[in-house]
Structure formats: structure tokens, C-alpha cells
Amino acid sequence: MKKSIKTILCLSIGITMFTGCKQNTQAPSNSALASDVASKVYVAPGEYDEFYAFVSGGFSGQMSVYGIPSGRLLKVIPVFSQDAEKGYGYNEETKPMLNTSFGFIPWDDAHHPELSQTAGETDGRWVFINGNNTPRIARIDLTTFETAEIIEIPNSGGNHSSPFTTENTEYVVAGTRFAVPYPQKDMSIKEYKGNFKGALTFIDVEEETGHMEVAFQVLMPGFNYDLAHSGKGKSHGWTFFTTYNTEESNTLMEVGASQNDKDYIAAINWKKAEEYIEQGKFKTIPAQYAHNVYDEKTHIATSEMKKEVRVLDPAECPGLVYFLPTPKSPHGVDVDPTGEYIVGNGKLSADLTVHSFSKVLAAIENNSFDGEAYGIPILKMDEIVAGVVEQAGLGPLHTEFDGKGNAYTTFFISSEVVKWNVGSWEVADRAPTYYSVGHLMIPGGDSKKPEGKYLVALNKITKDRYLPTGPELNHSAQLYDISGDKMELLLDFPTIGEPHYAQGISASKVMNKSKKYYPINENAHPHATKSESDVKVVREGNVVRIYMTAIRSHLNPDNIEGIKVGDKVYVHLTNLEQDWDVPHGFSIMGAQNAELLVMPGQTETLYWEPKQEGVYPFYCTDFCSALHQEMQGYIRVSPANANVPLKWSMGDD
Ligand code: K7E
Ligand code: CUA
């Protein structure tokens with residue numbers, strides 16, 4: 001076993017470091033593949049995949065949806081970024097979704113999709129995802145596959161240990177990666193130690209609607225809070241956050257944050273937190289954060305600015321937080337399906353440390369503490385460790401479970417997935433990844449009921465796996481069959497942006513709820529046009545509103561005159577179709593927001609300031625019918641001082 005680790009290691013480092021010099025002219029060998037793998041990923045034309053996979057876009061700020069096992073890209077869902085494919089963040093209706101306390105921010109870094117759960121199982125209602133850079137959490141509705149809500153996280157910096165859910169989606173959590181002054185203020189960076197803080201935020205998710213509110217924050221020492229997972233079963237009521245930089249270094253972090261032999265997993269008893277909130281033991285701190293909600297009936301997002309947040313100080317709330325010593329700068333923290341085992345993936349350690357929740361409770365009961373940090377008790381490590389997976393690989397990052405008593409951990413440096421037994425801590429199998437794997441995903445793999453048939457490795461480096469596409473290659477995912485004793489590599493497929501985490505779910509839990517169109521009679525958009533007989537153009541001062549409809553195969557009206565240079569023109573386009581998968585597009589020459597893409601039954605608005613006189617064509621941008629090319633019209637733009645009367649028509653009227 002030792003030897004094979006070495007071989008893999010050399011291979012992986014070799015490839016990672018040196019492919020630049022030794023150009024590959026041929027595709028890498030596929031000799032590792034069994035001959036029947038193609039049939040295992042083949043989904044015949046017209047047939048459906050067995051699972052949905054929701055894959056983060058990382059620096060693209062989006063989330064993409066794939067079918068598993070085929071690896072087909074089904075959709076890209078715009079979340080924290082404007083998206084020219086969907087019009088999200090360009091049309092007037094969705095711009096407020098990207099509002100923050102810093103104004104409109106149309107790009108973020110999204111890492112961790114997390115499905116909603118009921119009784120510890122994925123339920124197919126929503127998927128949440130974090131924006132790291134300007135801290136935000138989004139909720140995507142899995143009937144529409146659209147972003148329904150985004151809430152900003154106050155006094156956070158690098159919203160990374162987010163948005164992991166509790167067993168019944170009571171909360172999704174949002175932990176700050178970077179410690180910052182709390183509340184934010186001007187102060188010397190050199191005074192970091194002891195003064196900066198880390199806020200761990202619990203966001204209440206309303207059971208029926210999914211509506212999010214910041215319930216409370218736990219004000220932690222100024223460490224970095226890297227990842228989280230909530231307890232389940234016996235550990236329900238707790239959430240675990242990894243920490244690094246317990247050194248509280250503020251410069252040259254690669255050295256400064258790697259001094260301590262052990263950092264901690266912070267165990268937060270959120271049921272206890274609820275009691276303290278109930279008893280009024282919180283402080284109310286001024287804060288500024290945006291809460292953006294998309295209304296499916298009006299098809300409009302609104303943004304509200306929130307002003308304060310409730311904060312609990314662990315030093316004043318005994319029993320709220322304990323530290324579990326864990327080697328060494330742990331990255332992921334993962335809880336097994338029973339809720340008993342808490343796996344710390346110490347990225348600078350060769351071993352995996354697994355804590356026992358029962359032992360944690362016993363240690364708390366017996367006051368088995370090894371001192372404290374900022375008033376938070378540190379549990380004695382040797383009293384809480386359940387086992388150690390020794391020398392499993394290099395650079396463990398993340399672990400998922402198959403529901404059959406096995407865990408699978410990714411090792412970034414040794415570029416492999418290692419399967420090990422929960423309980424005996426023995427390594428059972430290992431499979432190389434190409435290359436440098438980050439997260440992995442098993443459908444339901446962080447829930448009580450994993451569906452342990454497939455595993456997807458989400459890789460950081462692609463190099464020679466695909467045809468070259470210049471300096472940047474798409475990231476890659478790799479699909480493994482894990483139904484047998486040995487992992488079997490089935491498929492490579494490219495991803496959009498950087499796939500950090502992903503979540504998977506049986507298609508049957510989602511597909512039948514999928515919306516086919518928006519009922520036009522429920523369209524409550526204030527500028528909807530529900531019938532072609534209601535189309536009109538209205539001028540109020542220099543604001544002109546065009547109430548337009550789209551149906552195969554015309555835009556109505558299609559001739560408009562009386563618009564002037566300097567007008568503020570709003571094209572409110574309603575798609576009158578009541579049929580699945582018949583969007584219409586709209587675009588007009590010279591408009592800076594350029595285009596719309598309107599779903600059946602929906603109304604969207606394009607804002608346009610005509611800059612030059614002339615006659616400008618507009619047209620439908622989505623090939624919707626045999627006469628799509630005829631779906632076009634003209635708008636005449638006259639000089640600012642002209643007195644051309646406002647007129648609109650379609651046909652001869
Ligand atoms: Cu490991 Cu942001 Cu979850 Cu990427 S993080 S790998
Ligand atoms: Cu409507 Cu093309």
C-alpha cells in the first residue's frame with residue numbers, strides 16, 4: 001500500500017509540475033478503464049439521467065446542473081453574476097437580486113451548493129449556495145430552477161463555511177472565513193490579534209416558503225472558519241465548523257497560520273443558542289445588509305436593507321461552544337450518516353482525525369477540558385477521538401459517505417480519492433483523480449441517506465485531459481461507480497467555472513415538480529400585458545413605457561414612432577405563450593442592456609435610453625417557430641425637440 005501511495009504521489013506531482021515542459025501530443029492512456037464503462041454512462045437519446053447534480057461555478061458565481069451518469073449539462077443557473085444567457089441581472093426585474101450594502105455587485109465567488117433536507121434527507125425543494133467575496137447566501141427554487149432569494153451576511157468577510165443545512169433545514173449556516181473587526185470599523189491591521197472577530201451566522205429558513213432571515217450570529221475569536229456541517233441523528237442540534245489560523249496571524253499566512261500543531265473544530269450547540277436568544281441573552285448590533293427576494297407572481301425582485309443583527313457572545317453563554325482539537329489546519333468537516341462521527345480533514349496532516357460525538361458529550365459532562373480560548377472550553381483531544389485513518393494520503397480536503405459504512409476522502413496533493421471504513425478506520429480502496437481533486441460528491445453523501453451508487457470527483461487542474469483550449473482549460477469532474485468494492489472510473493466531463501462542492505439528488509425527487517410555464521392569469525407584474533388587445537405605448541414626460549406582447553410569431557406592436565433622443569424607454573414585454581419551453585427573446589439595436597429572454601407567462605423589462613435619431617430594428621432572439629425570423633419590428637427615434645406623435649401598430653390599423 002505504501003508503495004502505491006508513493007507511485008501515485010510521484011505521478012501526480014510530476015504531472016502537475018512538469019507537463020509544461022514535456023508536451024503531450026497524444027491523449028492520455030485510457031488503459032485504466034474497463035471495456036464496459038461506456039454502457040454505464042450511456043443515457044440513450046430521449047432517456048433521462050438518474051440523478052441531478054448541482055455543481056458550484058466557483059469564480060463564475062453561477063451554479064450548473066448536470067445529469068448523472070451521462071455528465072450532460074442541463075442548465076446554468078445564474079446566482080451571483082449577471083448572465084447574458086438568461087438576462088439575469090440585466091433586466092430591470094432581476095437587478096435588485098444583486099444589490100448589497102455596497103451597491104450593485106454583479107459577480108461573486110460561489111462554492112457550496114447545499115440541498116434542503118427534511119429528517120436528514122434531501123427533499124428536492126431548494127438548493128442554497130454561498131457567495132464568498134461579498135458575503136451572501138442564495139436560495140434557488142427547484143420548481144423553477146431560478147434564484148429566488150439572496151441574503152447578505154453582515155460583519156462577515158469571506159463567507160466560506162456556508163451554507164450548510166441542519167437536519168430539517170431549520171437553519172442554513174454562514175461562517176466567516178476571514179476574521180474582521182466586529183462591527184466593521186477603521187483600525188490598524190497590526191492589532192488583529194484579540195481584536196478581530198469571526199462571526200458564525202445562523203439563517204432561519206421558513207418551513208413553507210424557504211424565506212430566509214438572519215436569526216443570530218455567534219461571535220467567535222478571530223480565527224478563520226473554513227467549512228461546516230451540521231449534526232444529524234444523535235448530533236442533531238449541533239453544527240461543526242473547522243478553524244485554521246488559530247495563531248491569529250495577519251501576514252505571511254502560509255507560514256503564520258501553519259504554526260500550531262492543532263487547530264479546532266468549533267462545535268456550536270444551536271439548540272442552546274435558541275434558549276439564550278429566548279432568554280434575551282443577546283446583544284443587538286447595528287448592521288447593514290441587503291435582503292433580496294424574487295416574487296414569482298410579480299416576476300419582480302425587491303431589495304430591502306436590514307439594519308441590525310442579534311449576537312451571542314460564547315464567553316457569556318456557557319455550553320454554547322466547545323473546541324475540538326484537530327490536526328492540522330483542517331479544511332472540510334464532515335459528519336457521517338449516523339451523526340456519531342465527525343471527520344476533520346487536516347489539510348497539512350497525513351492522518352484523518354475522526355471525533356466521536358458520544359465522547360464529545362461525555363467529555364463535556366466530565367469537564368475534561370484542556371484550558372480554554374477566549375472563554376471557550378477546549379476538550380481534551382484524546383478523550384474525544386474515535387479513530388485515526390493513518391497515512392491515507394496527502395492533503396485531505398473533503399469526505400462524503402456511501403450509506404454502506406464507508407467514507408471517501410479527497411486528497412489534493414496525492415490526487416486521489418481514498419475509500420475507508422467508518423469504524424475500523426482501515427483504507428479499503430484508492431483511485432487516482434486527474435488532477436488535484438478538491439471536493440467530491442455522492443448523491444445524498446452528506447445526509448442521513450446517501451445514495452451510494454456514484455461518486456463525482458471535482459478537480460482543480462485539467463492539463464492534458466481534454467483537447468487544448470489555450471492557457472485555460474475548463475475544470476473537470478470525474479464520475480466513479482462506487483457500487484462495488486472497488487471504485488471504477490467511468491467518465492470525465494468539463495464543468496463551468498470552478499466546481500468546488502456539488503450536491504446530487506435522485507431525479508425522481510425533483511423532476512415531477514418542475515414548472516412548465518407561468519400561468520398568465522396569475523401574472524401580477526404591474527406592467528404586464530395579458531392580451532394583445534391591451535398593448536400600448538404610454539408617455540409621461542420623458543419616460544416612455546412600451547407594453548408589448550410576444551406570441552408565435554410576432555411582437556406586438558411592431559411599428560412604434562414618437563420616441564425621442566433622451567427618452568427613458570421601458571420595454572415591458574409579456575410572453576403570452578402557455579406552453580412548456582417556449583421563451584421569446586427581445587433585443588433592440590444600441591440598447592445597453594441589449595436583450596431579454598422571457599419565459600412563457602412572464603413579463604420582463606428592458607431599459608433603453610436612445611442616444612441617436614434613426615429607425616432601429618428590434619427582434620426576437622430565441623428561435624421560437626418557423627416564422628421566428630419574421631418576429632421583428634422597428635422603433636423610430638426622432639430628435640429631442642421633434643413633435644412626431646406617439647404611435648404604435650401591428651398590421652394595418
Ligand atoms: Cu475545499 Cu471553497 Cu469547499 Cu473548494 S473549498 S475545494
Ligand atoms: Cu419569438 Cu423567436
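Modeller: I will start with Arg 552, which is partly exposed because its relative accessible area is 38%, a value between the 20% and 50% limits. Bear in mind throughout that this is a predicted model.

The side chain of Arg 552 meets that of Glu 577 in a salt bridge, with 2.7 Å from N to O. Arg 552 is in the loop between β36 (543-551) and β37 (554-556), and Glu 577 is in the loop between β39 (568-575) and β40 (584-588), so this pair ties together parts that are 25 residues apart in sequence.

In general, side chains of opposite charge can pair when their charged atoms come close. The structure holds 25 salt bridges, and two further pairs can be described in the same way.

One of them joins Lys 234 to Glu 340, whose closest N and O atoms are 3.2 Å apart. This pair links distant parts of the chain, 106 residues apart: Lys 234 belongs to the loop between β14 (224-230) and β15 (238-244), and Glu 340 to the loop between β20 (330-335) and β21 (341-346). Lys 234 has a relative accessible area of 48%, so it is partly exposed. Glu 340 has 10% relative accessibility and therefore counts as buried.

The other pair is Asp 429 with Lys 486, whose side chains meet in a salt bridge at 3.7 Å, N to O. Here Asp 429 lies in strand β29 (residues 427-432), while Lys 486 is in the loop between β32 (476-481) and β33, so the bridge ties together parts that are 57 residues apart in sequence. Asp 429 counts as buried because its relative accessibility is 7%. Lys 486 counts as exposed, at 53% relative accessibility, because exposed means over 50%.

Salt bridges can also share residues. Lys 40, Asp 481 and Glu 488 are linked in a network of them. Glu 488 also falls in β33 (488-494), and Thr 495 is in the loop between that strand and β34 (502-506). With a relative accessible area of 1%, Thr 495 is buried. Leaving aside residues up to four places away in sequence, Thr 495 touches Tyr 66, Asn 474, His 475, Ser 476 and Ala 477.

Terms used: Residues are numbered from 1 along each chain as its sequence is written. Chains are lettered from A and ligands numbered from 1 in the order in which they are written. This is a predicted model: local features need pLDDT of at least 70, side-chain atom pairs count only at pLDDT 80 or more; totals for chains, interfaces and linings use all residues. Side-chain values use heavy atoms; hydrogens and water are left out. Helices (H or I, at least four residues) and strands (E, at least two) are DSSP runs, numbered from the N terminus. Buried means under 20% relative accessible area, exposed over 50%, partly exposed in between (1.4 Å probe, protein chains only). Contact means heavy atoms within 4.5 Å. A salt bridge is a side-chain nitrogen of Lys or Arg within 4 Å of a carboxyl oxygen of Asp or Glu.
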